[in-house]
Amino acid sequence: ALVALFILTLIWGYNWVVMKLAVQYASPFQFAAIRTFVGSLILFLVIFFTKRPMALKEFPTMLALGLLQTCGFTGLLIWALVEGGAGKTAVLTYTMPFWVLLFAWPMLGERVQGSQWLAVAFALLGMVLIFDPLHIKADGFSMFLALCSGISWAISAIISKKLHKRAPHLDLINLTAWPMLLGSIPIIIVALILPATPIQWTSTFIAAALFNVILSGVVAWVLWLYALQRLQVGIASMASMLAPVIGVLAAWLQLNEVPDTQEFIGMVLIALALVMISIISIKRHTQIDAAMGQD
């Protein structure tokens, strides 16, 4: 599971640059539709040839995951990349563990306690520094979309974890394919309705589409759900934090996106908050497991 997470972070980390390049040749919804719909078809081919269960089970939950993981997470982050920088979008999207902490309170009954409040304060301060509400920048809407993407991802992670506890024998590929297909339908509809220039099928766009469909859209989601089922949410979230670091560095080197001092401090504060949240989560679950072992 840890090896899966490491490969996942490499794919998702560099993909911020890949997606930023892709939206120069297609609208965000066109690109998101290609990534999600074609990716789901590939997954169903894998299900068919490996003779895995094809039937749609847990439909309401699968639909919710599709809307959150595919429309909410993937769709919004690609939209955010149109006007926002790849590095900044990556950092704001990866506030996901912070939102998991907050939403676990009403959804799982896990209250924010003790030093977790300090992590919350660091994360909020970091987001304020990046947004700079007194001087709203041209990419303000893009940053808002990136935050919404992270929130959507957080809620889907909690729902996925609850689904695994309720139906632990649900096939992993099936669990990845159906939400991706169901979530791609609204994106396709939006892509067809909204006016946009035709896709420029350049070699760069084709390479970016293949990277997203096969690696980021199929392989990475399978790796994420695999790790999420076998590791504590805190550990999975902490390990996946390497992805935005790779995204910021790659955008800096390849796209010349250099964050200013205030944005850099905000990014560091968010990273510090996420490290704190993950460490606290790991310690809590370790204590719970030790207590259960003694019982």
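This is a predicted model: local features need pLDDT of at least 70, side-chain atom pairs count only at pLDDT 80 or more; totals for chains, interfaces and linings use all residues.
**Exercise 1. Isoleucine 277**

Solution: 
1. Locate the residue: isoleucine 277 is in helix α12.
2. Valine 100 is 177 residues apart from isoleucine 277 along the chain, and their C-alpha atoms are separated by 9.7 Å.

**Exercise 2. Lysine 20**

Task: Determine where lysine 20 lies, what it touches beyond four places in sequence, and why it counts as buried or exposed.

Solution: 
1. Lysine 20 lies in helix α1, which covers residues 2-22.
2. Not counting residues up to four places away in sequence, lysine 20 touches Leu81, Val82, Gly84, Ala86, Leu255 and Glu257.
3. Alanine 208 is 188 residues apart from lysine 20 in sequence, with 9.4 Å between the two C-alpha atoms.
4. Lysine 20 counts as buried because its relative accessibility is 15%, and buried means under 20%.

**Exercise 3. The chain as a whole**

Task: State how many helices and strands the protein chain has, and what share of its residues is buried.

Solution: 
1. The secondary structure comes to 12 helices and 0 strands.
2. Of the 295 residues in the protein chain, buried residues make up 54%.
3. Take the contacts with a separation of 6 or more: residues 24 or more positions apart account for 89% of them.

**Exercise 4. Helices α3 and α8**

Task: Describe how α3 and α8 cross, and which residues meet there.

Solution: 
1. Helix α3 spans residues 59-83 and helix α8 residues 172-193; their axes come within 7 Å and cross at roughly 65°.
2. The crossing of α3 past α8 is right-handed.
3. On the α3 side, the residues are Phe59, Met62, Leu63, Leu65, Gly66, Leu67, Gln69, Thr70, Cys71 and Gly75. On the α8 side, they are Asn174, Leu175, Trp178, Pro179, Met180, Leu182, Gly183, Ser184, Pro186 and Ile187.
4. Sorted by class, the contact of α3 with α8 has 13 nonpolar, 7 polar and no charged residues.
5. Leaving aside neighbours within four places in sequence, serine 184 is in contact with Thr36, Phe37 and Thr70.

**Exercise 5. Cavities**

Task: State how many cavities of 30 Å³ or more there are, and compare the linings of the largest cavity and the second largest cavity.

Solution: 
1. The count comes to 4 cavities of 30 Å³ or more.
2. The largest cavity holds about 80 Å³ of space. Its lining consists of Arg35, Thr36, Gln69, Thr70, Thr74, Thr176, Pro179, Met180, Gly217 and Trp221.
3. The elements giving two or more residues to the lining of the largest cavity are α2, α3, α8 and α9 (203-230).
4. By class, the lining of the largest cavity has 3 nonpolar, 6 polar and 1 charged.
5. The second largest cavity has a volume of about 60 Å³. Trp12, Asn15, Trp16, Met19, Arg35, Phe73, Leu77, Tyr94 and Ser216 line it.
6. α1 gives the most to the lining of the second largest cavity, with 4 residues.
7. That lining divides into 6 nonpolar, 2 polar and 1 charged.

**Exercise 6. The second largest pocket**

Task: Determine which element gives the most to the lining of the second largest pocket, and how the lining divides by class.

Solution: 
1. The volume of the second largest pocket is about 270 Å³.
2. The pocket is lined by 14 residues, of which Val91, Val245, Val248, Met267 and Ala271 lie nearest its centre.
3. Two or more lining residues come from each of α11 and α12. α12 gives the most, with 6 residues.
4. The lining has 14 nonpolar, no polar and no charged residues.

**Exercise 7. Positive phi**

Task: Find where glutamate 58 and asparagine 256 are placed, and give the phi of glutamate 58 and of asparagine 256.

Solution: 
1. Recall the background: most residues other than glycine have a negative phi.
2. Phi of glutamate 58 is positive, near 55°. Glutamate 58 is found in the loop between α2 (28-49) and α3, and is partly exposed at a relative accessible area of 29%.
3. Phi of asparagine 256 is also positive, near 60°. Asparagine 256 is in the loop between α11 (242-254) and α12 (261-294), and counts as exposed at 64% relative accessibility.

Methods
Residues are numbered from 1 along each chain as its sequence is written. Side-chain values use heavy atoms; hydrogens and water are left out. Axes are lines fitted to C-alpha atoms, for helices over the stretch in contact, and angles run from 0 to 180 degrees between N-to-C directions. A crossing is left-handed if the near helix is turned anticlockwise from the far one by less than a right angle, and right-handed if clockwise. Contact means heavy atoms within 4.5 Å. Ala, Val, Leu, Ile, Met, Phe, Trp, Tyr, Cys and Pro count as nonpolar, Asp, Glu, Lys and Arg as charged, and the others, Gly among them, as polar. Buried means under 20% relative accessible area, exposed over 50%, partly exposed in between (1.4 Å probe, protein chains only). On a 1 Å grid over the protein atoms alone, a cavity is a set of points where a 1.4 Å probe fits but cannot get out, and a pocket is an open set with protein on both sides within 12 Å along at least five of seven lines; lining residues have an atom within 4 Å of a point. Grid points are joined across faces, edges and corners, and a volume is the space filled by probe spheres set on the points.
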